[in-house]
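Trainee: I am new to this structure and would like a close look at a single part. Could you take me through the disulfide and its surroundings?

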Amino acid sequence: MQYLIDVLSQGSLYALCALGIALTFGVMRLINFAHGEFMMVGGYVLVVAGDIPVWAALLSSVIIVGFLAVATERIAFRPVRNADPETMLVTSFAVSFLLQSLAVLLFGSLGRSVRVFPPSITGVMHIGGLNIRWLDIITVAVTVTLLVSLMAFMKTRHGVELRAAAENFTVARLLGVKANQVIGTAFAISGVFAAATSIVLAAQRGLVEPTFGTTTMLFAFIAVIVGGMGSLPGAVLGAYALGLISVTSQALLPLGLRQFRDAFIFLVVVLILLLRPEGILRGHAARVRI
Amino acid sequence: MTEDILSATGLVRRFAGVTAVDDVDLSVRTGEILGLIGPNGAGKTTLVNLVTGFDRPDTGRVFLDGHDITRLSAAQRSRRGLVRTFQGARIFGRLTVRENLVVSALPRLGSRRRAESRADELLEYGEVTALRMTPGERLSAGTQRIVGLLRAVAAQPSALLIDEPAAGLNEVESDQLSRLLSAISENMEIGMMIIEHDMKVIMSLCHRVQVLNHGRTIAVGSPDEIRRDPAVLTAYLGSSSGNAHA
Amino acid sequence: MSLRTRRSALTVSATTALLLLAACGSPGAGGASPSGATAFVIGYAGGLSGMLEGFEKPALEAAKMAVEDINRDGGLNGKRVELITQDTKSDIDQGGPAGQALLAKGAGALLVTADYNFGGGAARAAQAAGVVAVSVGAGSPKFGVQGIGPLAFTMGTSGAGDGALTAEWAYEKRAARSAYVLLDDTTDYNKDQCRGFQTRWRELGGVLAGQDTFKNGDASISPQITRMKSLPKTPDVIAFCSYAPGGAVALGQLRSAGIDSLILTNSGMDGTYWFEKSMPELSGVALPVSASVWGDDPAEEVRRFVERYKEKTGSQPQNMYPVLAYAAVQAIVQAAKESGSTKGADMAEAMNKFTDKQLLIPVSFTKDTHIDVRRPARMLVLDQGKWKTDGLRSLKKAPPLFAE
Amino acid sequence: MTAVIKRARPSVAADPAHWSTVPALALLLTLVCGVVTLALPQYAAVTVLALVGVVFVVGMQSFAGNSGIFSFGHVAFMAIGAYTTAITTIPEATKKILFPGMPEIALPAPLALVAGGLLAALVAALVGIPLMRLNGLAASLGTFALLNIVYNLANNLDAITGGSTGVSSVAQGLSLTHALAWSAVALLIVWTYQQSGHGLALRAAREDDVAAQSLGVAIARERHISFVVSAFVCGLSGGMYAQASGSFSPSSFFLVATFGFVTMLVVGGRLSLTGAVLGVLSITLLREGLKVVEQATQYTGAVEIGMSAAMLLTLLLRPLGLMGTAELVFARRGESR
């Protein structure tokens, strides 16, 4: 039962991050490795914000990262939009490398500690023998809220366009959907998700360093593929699946084998892929028509 | 039955409650061209996919030269002599025209050198030798269709399924392609099945025509018989009027 | 079409030309290489940018201070000492080339990164050239005769020794009896620390309540905490073998989960940067260091050095590496003075004889052990967000340096 | 200069499978590396490491370029090659002190490299059975899983691999000549594969997998063959790395290396063998050049910012990398048309 809470919390974190990645993947087949660095920037915004009220810090993080995401799309990704996925992938390496280097230059490599929420809500609740951290509740709540908002957004005109574009970009364009606008929107939302992830992550870690987002981003990226490429519900499902796998392998492996945990996690990932090569929920991007 | 190079019995394929192909039989003899027609959504492409192994039937069996190939993959079927073309030519864009043909000839011929000489022969045959070093993506749609056909022939098929060869081509290109098709049929030991909307192409090329509607065979016969078949007329008129109202 | 071909040919020619040009244009030959006749050159091959920058830049500042001091006191046998640097960009592969570049510029000794892997390349280059290399603080016993060669030394201490020391301190001074071992198995140093702790803890008669592992990159260690919480009784101490950033993250999560056991860790968790905002009142973390930079080191020279460092750089050092780097430069110069030679083999010979040599901190080496196993440690204890020194401590019984 | 780039364009109707690609590339490498080493001896180590990179990237290209599947896992084969070479060449006496758990096998240096390649190929043959059935990104993720598994094992099988400290005291000494010779061997292997029917069939599948299937190409099998060939070459490069650097650790073969090599391949042009070579040379050159600038101007960050900018600019102007699908060949003026 306690492990279930751990799974929910970890899965929600991955889900937040995975949604951001899946959004941009959906509209332009871009595996954005710089997403982790968007999160890192969000983290440093919280560091710099320091003692201003929580809501102001969070808001500025969301705005700055959202803006950064849109700007990155304009400057780096738009020119290679029609190139192969590999080219876009390496473009995102370049962006990620640049942002990390800038972070080292500006803030040093050691990292900075950060307190996102006041101490009163970083403690533990004991409910019926369970230890529930306030942070777990916040993590799940943020994920659910953003997920619901995203679903609501998808029903608006912009949202429908976005979904259409994710389904089939060429057709969407023929139907008069403006590519720049749709992709811009996707990046803006992706940036908001990155900021939200960074807030939760910063609260959970208490430390922001130049590689702040890397591990989470990699796991979220795996979740996106395992869940079903380009499918938003798939990304969420994949994220919770990954949370489940990593928590259970940590909990169930005997001590002698626990150091090989990551090998087990990736073994399970490969097994899932073999059973469902197109992901748990088959995404639009994976569908081939003859 | 043994004289049929390609045959299928009782093919059924359902997608999410819709029966796309419903108990269809078919047979093609060597040297014969069978036309497969039917209104949009009649299940023609699904049927081709079932026969060539790109999709699996829920029930029914497919035979090539008397052997049951129902369980073989598309690639395995192709190596046994059942080859298809596609609606879009699906040319290998960054390979040269010659390489496109060599790839096709390789699985059966084994040696690279023999595959290359086979490719060169066919390029000559299709009168596209001049384009041999051109990457596929630079060809016009019509030429792509011709190269696609030659590429399929390079695999030395005993049965060839051709999916809408004339779609989107102009009159001249379409005629050129028809001539190539009948030449192939006459000169090579091959059974052919052609899906086509262009009735002119079907009527001039095919020895027999099979008509699908709503996944079922509604008529089989010579082009003349089909032209006069009341069921076929109803299917086409009915569906086209249906389309007009939709 | 010939235009296109010609343009392509041009591309290749231009690229080749560029390759050659850039290669020839680079310094080395042209770079101002300090003359070996009038100066003794020490080269620093370190991660002056990139992920190690936080450790290496302060170390470089301290090395510069040591050079200044030495020159003020008359240099090395009448020669000036000069310090040149080569940035490895915190890239393991750049270690060797960086070392070679420094040697090509006439370096007579090298300072290298405080890590076996990152510093090893440059040290091997030095070994091959017959030049002494001193790591600012690598914690692997292999950094020396065994792993690199007789000319390589490290100012660091071993993980096994550090772990054993915390076991003795907790058992004797804090009367701890039950321990939990939490190992971040990302590095061998961590594994050595936990091994050293366990070996000594058992010998002392302590109880091992349980053990678990995690990885430095883990965003959350909830499952580990859940497991620890299921113990009938909270252990007195946790042997916590990790380093920041991952260690800081995990430690914060232990505390916020309400686990208040005394945490025994290592110098990878020195500093205040990782908790000052997130847990300003943090207490109950202890670790052994060779020098405290928090103003209360028992040795007056260390306290004075830290003050001078702050004055010069305007910042509080976050760990002992500046002290170690200062001592490393002193060790090199002392070895040259004592052997009366600047040949690597002679200097190493002299360094092998160092026994509690006072170079800001005591330094001891032997012919086979080029990592200090004698140096008394300061136990740093975190109390209400402040690091305090809990006296000097020497290991009573050393665990084996290498895992069996 | 007789080497002329030939483009696979309609206007240049020449045979893309020209015999002279390998000699031309070998000559280019010899010229560049020879001149650099003679003129600037302090760059000798960098040059040898660049050649190790050439062997690796060329090996990776033979899979990624022909199959169109992006691999994040080939560095794992490099690791296997490096560990094999280390284990088989570290002298017994050193082994007893430093790596008591290591198997006692001894091989002469060149054989050790080949053994490393073979073991990598064997691993590829085994893991390829499931992985090569996957398509596109799923396959890429599969290779990424392989990378993580190998890294995790290398880091924690302390007795055999030396744990995170890694292996040291590998008989050092990969001379420039040897490195060049092995590069030529790697180029030859990869070129031969690429020109074979298997290479052609796989490239066809890369262009259109459905059409390739319809023509009888057994895609999984062709991918598998390519995977094994490229693993062999990458294993070889791992052995070279072990000999060139003398020491390494699991983190030498993880994310940083993966991203670095992937970048070299894409910037150079992943569809071209010449692209693979040029990618390594140009990125190495750029980095070294920027380091000089940084050292001279004391402007920290020049390398990182310059590298990112140059990468972005290259991909922006040439999305298929510097070379696209073109290869370097010897051609007399006019022959290439």
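Mentor: Happy to. A disulfide is a pair of cysteine sulfur atoms within 2.5 Å. Before we use that, please keep in mind that this is a predicted model, in which local features need pLDDT of at least 70, side-chain atom pairs count only at pLDDT 80 or more, and totals for chains, interfaces and linings use all residues. Residues are numbered from 1 along each chain as its sequence is written, chains are lettered from A and ligands numbered from 1 in the order in which they are written, and side-chain values use heavy atoms, with hydrogens and water left out.

Searching the whole structure turns up one disulfide over all chains. Its partners are Cys194(C) and Cys241(C), with 2.0 Å from S to S. The link between Cys194(C) and Cys241(C) is right-handed, with 105° about the S-S bond. Cys194(C) belongs to helix H6 (residues 188-204) of chain C and Cys241(C) to strand E8 of chain C, so the bond ties together parts that are 47 residues apart in sequence. Helices (H or I, at least four residues) and strands (E, at least two) are DSSP runs, numbered from the N terminus. Both Cys194(C) and Cys241(C) are buried, where buried means under 20% relative accessible area, exposed over 50%, and partly exposed in between (1.4 Å probe, protein chains only).

Two strands pair if DSSP finds at least two bridges between them.

Look next at strand E6 (residues 178-184) of chain C, which runs parallel to E7(C) and is joined to E7(C) by seven bridges. There, Leu182(C) stands opposite Asp212(C) in E7(C).

For contrast, turn to a cysteine in chain D. The sulfur of Cys234(D) is too far for a bond, because the closest cysteine sulfur, in Cys33(D), is 18 Å away. Cys234(D) counts as buried, at 0% relative accessibility.
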